Amino acid sequence: ISACLVGSEMCIRDSSNGGNGKISANQVNIANNSTISTEINGEGKPETAQPANIIVNSENLSLKSSQITASTNSNRNAGNINLNNNQINLDNGRITAITSGSGKGGNISIPNTQTLNLINNSGIIALTSGAGEAGNLNFNISESVTIDSGSFFNVETEAGGKAGQIIITSPVLTIGDNAELSARSQANATGEAGNITLTTNQLNI
């Protein structure tokens, strides 16, 4: 496939074993309030259940006014979101890993990307609102990361589960207007806040 345009909803809803949502193309454009999601519903055996992962392989990934989400509301672990792209651009886009049950939230991993750019209130979030631990944000960027115009990276707990970690490795990291990196425990939460680890040669704030 040379190009992939997602214009509505692609969803895996699972009540037994997970299934992967995988997109491979030279260029992936997700726009017009579209959603790609995997959901784990119903109780099961966490040690045997397979998570429902989201995997996007492409030269370029563009997410505009749309979202990618992996979630669980059960005792089984959520799937992970793995983005294998040379360039990733979010414009009012969201990438979210959520647990509202006792299962662990998924990780959001960007293992080998040249540039990661977020603008216009875009966000990459790992959240727990239940007893399960939130996932981690782990980005390894070879050239630059830019978050601007109200965009953010966030790991958070709203309940008893522990918040995850933000780990970013990039030669250049730019945090622009009203942008934010946060690892927090909300006031009514009992779970621990997460940590932020930045490895960079140049930090622009």
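Accessible areas come from the Shrake-Rupley method with a 1.4 Å probe. On this basis, the chain of the predicted model exposes about 9000 Å², of which carbon and sulfur atoms supply 41%. Buried residues account for 46% of the 205 residues in the chain.

The secondary structure consists of 18 strands and zero helices. Where contacts in the chain link residues at least 6 apart in sequence, 84% of them join residues at least 24 apart.

A pair of aromatic rings is described by the distance of the centres and the angle of the planes. One aromatic pair was found in a search of the whole structure. In this pair, the ring centres of Phe139 and Phe153 are 5.3 Å apart and the planes stand at 65 degrees; because planes over 60 degrees apart count as edge-to-face, the pair is assigned to that class. Phe139 belongs to strand β12 (residues 137-147) and Phe153 to strand β13 (residues 152-157), so the pair ties together parts that are 14 residues apart in sequence. Both Phe139 and Phe153 are buried.

The largest pocket holds about 160 Å³ of space. It is lined by 15 residues, and those closest to its centre are Asn107, Glu133, Ala134, Gly135 and Asn136. By residue class, the lining of the largest pocket comprises nine polar, three nonpolar and three charged residues.

Technical notes:
Residues numbered from 1 in each chain as written. Predicted model: local features only at pLDDT ≥ 70, side-chain atom pairs only at ≥ 80, totals over all residues. Heavy atoms only, no water. Phe/Tyr/Trp six-rings, centres within 6.5 Å; stacked < 30°, edge-to-face > 60°. Helix = DSSP H or I, 4+ residues; strand = E, 2+ residues; numbered from the N terminus. Buried < 20%, exposed > 50% of the residue type's maximum accessible area, 1.4 Å probe, protein only. 1 Å grid on protein atoms, 1.4 Å probe; cavity = no way out; pocket = protein on both sides within 12 Å on 5 of 7 lines; lining within 4 Å. Points joined across faces, edges and corners; volume = space filled by probe spheres on them. Nonpolar A, V, L, I, M, F, W, Y, C, P; charged D, E, K, R; others polar. Contact = heavy atoms within 4.5 Å.
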